[in-house]
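Trainee: I have a model open and would like to learn how to read it, one feature at a time. Could you walk me through it?

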Amino acid sequence: MVFVGFGFLMVFLQRYGFSSVGFTFLLAAFALQWSTLVQGFLHSFHSGHIHVGVESMINADFCAGAVLISFGAVLGKTGPAQLLLMALLEVVLFGINEFVLLHLLGVRVGGGMEWGVRGGQGQPLSQERGGGGRVLPLHLTTPPQVRDAGGSMTIHTFGAYFGLVLSRVLYRPQLEKSKHRQGSVYHSDLFAMIGTIFLWIFWPSFNSALTALGAGQHRTALNTYYSLAASTLGTFALSALVGEDGRLDMVHIQNAALAGGVVVGTSSEMMLTPFGALAAGFLAGTVSTLGYKFFTPILESKFKVQDTCGVHNLHGMPGVLGALLGVLVAGLATHEAYGDGLESVFPLIAEGQRSATSQAMLQLFGLFVTLMFASVGGGLGGLLLKLPFLDSPPDSQCYEDQVHWQVPGEHEDEAQGPLRVEEADTQA
């Protein structure tokens, strides 16, 4: 999903395919390593070591996904040095935001059983003690406070609004000079659909990767699957409805069809039910399609946010909707609905230490905390990326591979004429 899905989804720009796939490769490889260290210090640092494993690797993938979502908002308008600086800052803020949501909000010290946290999922601490019966630090001995299995808040909302605020700070009033490169061509849209299909197929495993084994993990995969299917139908229906002469728009299909995976990220492990997943997915596909059609132009003209990939429509709005859906479903959690499974999803409710209403309010507060971290971080990142020595591409050369890559046939390609350096006439 990270390398192929995100990479190919962004190759729709007709002259930016090398950069879309290549910079995705670069950013993901960097973010995976950096987030392993950052999250390791926050989540699994004890006895003087960072403990790594499959779960820490998956968490690093999640962090890389958030970075690539932000990359989509500034695609074509930033150089590799700027992108690496963006990732350096965003990975740190992602880790802090996740730590606050999962381990700090509403923590009670004392009372109840001890818990260890593995990949954001609560498990009894019986196997989480170090040598000699040593109990791990507080952040490793409390159940997760905010539930967000598939990252509607921590990944999609955070990544989208970090990138949108970043794009606002980096606003280019003269970007019209590169407008002729901002569109797609037939083959670039076709390649972008490869990314869509990869993301669609693997999204259920993405959301369920770190949920508790058994019924919870199966429920997460099924809810995501149904939601994706419904969002695809909603996208096709709305695209034909709002399109010229009833024709479909490939931009809608490439992106809005995936909104179903985003919207159930928080609630997919909860008792959402198949009908709830279908309804949420259809709503997300509808909202995302309408966003691409009507809201993206307003975002640029009124709010001066140049969102290249439309991350606000695919990740921002569906992510917020997913967080609110999580608030609703958490507020309805009961022993009758979950049975013995309540302990794996909402351990504090199962133990009687927290009411369902309190958990719902905690989920809502988690959304506000995420938006705050994303907005402040995106603003700070934008100021840093404006430093002159980072070599930002000029307005007339945005969305152009030749600025950073050796492009085959570049001397014969008429599309690159304005960038070609004329050679001096040979003299005898």
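Trainee: Where is Thr334 found?

Mentor: Helices and strands here are DSSP runs, H or I of at least four residues for helices and E of at least two for strands, numbered from the N terminus. Thr334 sits in the loop between α11 and α12 (335-338). Please keep in mind that this is a predicted model, in which local features need pLDDT of at least 70, side-chain atom pairs count only at pLDDT 80 or more, and totals for chains, interfaces and linings use all residues. Residues are numbered from 1 along each chain as its sequence is written, and side-chain values use heavy atoms, with hydrogens and water left out.

Trainee: Is Thr334 buried, partly exposed or exposed?

Mentor: Buried means under 20% relative accessible area, exposed means over 50%, and partly exposed lies in between (1.4 Å probe, protein chains only). Thr334 is partly exposed because its relative accessible area is 33%.

Trainee: What about Asn313, buried or exposed?

Mentor: Asn313 has a relative accessible area of 1%, so it counts as buried. Its place is in helix α11 (residues 311-331). Contact means heavy atoms within 4.5 Å. Not counting residues up to four places away in sequence, Asn313 touches Ser288, Gly291, Tyr292, Thr296 and Pro318.

Trainee: Which residues is Thr289 in contact with, leaving aside its neighbours within four places in sequence?

Mentor: They are Thr235, Leu238, Ser239, His252 and Ala256. Thr289 belongs to helix α10 (residues 274-301), and it counts as buried because its relative accessibility is 0%.

Trainee: How should I read the packing of helix α3 with helix α5?

Mentor: Start with the axes, which are lines fitted to C-alpha atoms, for helices over the stretch in contact; angles run from 0 to 180 degrees between N-to-C directions. Helix α3 (residues 54-73) and helix α5 (residues 152-169) pack at about 35°, and their axes are 7 Å apart. For handedness, a crossing is left-handed if the near helix is turned anticlockwise from the far one by less than a right angle, and right-handed if clockwise. The crossing of α3 and α5 is right-handed. On the α3 side, the contact is made by Phe62, Gly65, Ala66, Ile69, Ser70 and Ala73, while residues from α5 include His156, Gly159 and Gly163.

Trainee: How many residues of that contact are nonpolar, polar and charged?

Mentor: Ala, Val, Leu, Ile, Met, Phe, Trp, Tyr, Cys and Pro count as nonpolar, Asp, Glu, Lys and Arg as charged, and the others, Gly among them, as polar. The contact of α3 with α5 has 8 nonpolar, 6 polar and no charged residues.

Trainee: At what angle do α2 and α4 pack?

Mentor: Helix α2 (residues 17-43) and helix α4 (residues 80-104) pack at about 35°, with axes 9 Å apart. Their crossing is right-handed, and the contact has 19 nonpolar, 5 polar and 1 charged residues.

Trainee: Which residues does Arg168 contact, apart from its neighbours within four places in sequence?

Mentor: Arg168, in helix α5, is in contact with Phe303, Lys304 and Val305. Arg168 counts as partly exposed because its relative accessibility is 36%. The C-alpha atoms of Arg168 and Ala73 are separated by 9.7 Å, although the two are 95 residues apart along the chain.

Trainee: What is phi of Lys304?

Mentor: It is near 55°, a positive value in a residue other than glycine. Lys304 lies in the loop between α10 and α11 and is partly exposed, with a relative accessible area of 34%. Ser47 also has a positive phi, near 60°. Ser47 is in the loop between β1 (45-46) and β2 (49-50), and its relative accessible area of 53% makes it exposed.

Trainee: How many helices and strands are there in the chain?

Mentor: There are 15 helices and 4 strands, and buried residues make up 54% of the 428 residues.
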